[in-house]
Amino acid sequence: MSYEKVTQLRSKLIIGTKQTLKAIKHGAASEVFIADDADRQITQKVENLAQASDVPCHRVDSKRKLGAACGIDVGASAVAVKQ
């Protein structure tokens with residue numbers, strides 16, 4: 001379900017942990033997807049900020065599949081959807 005949603009919203013995606021954090025801080029993210037197999041220390045920051053900012057946070061099992069759903073050839077630890 002989540003991968004399909006990411007694929008459908010491809011034109012509205014912000015890809016990567018740093019960019020996702022920026023988007024949440026600036027109020028530009030409507031929801032966030034985080035890969036379970038990514039480094040927990042990194043993704044925890046995204047998850048905490050999303051919760052503090054009332055941005056829905058969804059978990060997916062693979063950063064490789066998340067990257068593929070975004071249309072990139074590498075894995076993605078975190079992805080935000082622009083508002």
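A salt bridge is a side-chain nitrogen of Lys or Arg within 4 Å of a carboxyl oxygen of Asp or Glu. The legends below use that term. The model is predicted: local features need pLDDT of at least 70, side-chain atom pairs count only at pLDDT 80 or more, and totals for chains, interfaces and linings use all residues. Residues are numbered from 1 along each chain as its sequence is written, and side-chain values use heavy atoms, with hydrogens and water left out.

**View 1. Lys5 and Glu31 form a salt bridge.**
The N to O distance is 3.1 Å. Lys5 sits in helix H1 (residues 2-8) and Glu31 in strand S2, so the pair ties together parts that are 26 residues apart in sequence. Helices (H or I, at least four residues) and strands (E, at least two) are DSSP runs, numbered from the N terminus. Lys5 is partly exposed, at 28% relative accessible area. Glu31 is buried, at 11%. Here buried means under 20% relative accessible area, exposed means over 50%, and partly exposed lies in between (1.4 Å probe, protein chains only).

**View 2. Four strands make an open sheet.**
Their order is S1-S4-S2-S3, and the pairing is mixed. Strands S1 (13-15) and S3 (57-60) are the edges, each pairing on one side only. From one strand to the next, the twist averages 25 degrees. Two strands pair if DSSP finds at least two bridges between them. Strand S2 (residues 29-35) and S3 run parallel, joined by four bridges. Within this pair, Ile34 stands opposite Arg59 in S3.

Axes are lines fitted to C-alpha atoms, for helices over the stretch in contact, and angles run from 0 to 180 degrees between N-to-C directions. Contact means heavy atoms within 4.5 Å.

**View 3. Glu47 pairs with Arg40.**
Glu47 lies in helix H3. At 13% relative accessibility, Glu47 counts as buried. Arg40 is partly exposed, with a relative accessible area of 44%. In their salt bridge, the closest N and O atoms are 3.2 Å apart. Leaving aside neighbours within four places in sequence, Glu47 is in contact with Ile34, Arg40, Cys57 and Arg59.

**View 4. Asp61 and Lys65 form another salt bridge.**
The closest N and O atoms are 3.9 Å apart. Asp61 is partly exposed, at 45% relative accessible area. Lys65 is also partly exposed, at 46%. Elsewhere, salt bridges that share partners join Asp36, Arg40, Glu47 and Arg59 into one network. The whole structure holds five salt bridges.

**View 5. Asp54 has a positive phi without being a glycine.**
The angle is about 55 degrees. Most residues other than glycine have a negative phi. Asp54 belongs to the loop between H3 and S3. With a relative accessible area of 72%, Asp54 is exposed.

**View 6. Gly16 sits in the loop between S1 and H2.**
Gly16 counts as partly exposed, at 22% relative accessibility. Gly16 and Glu31 are 15 residues apart along the chain. Their C-alpha atoms are separated by 14 Å.
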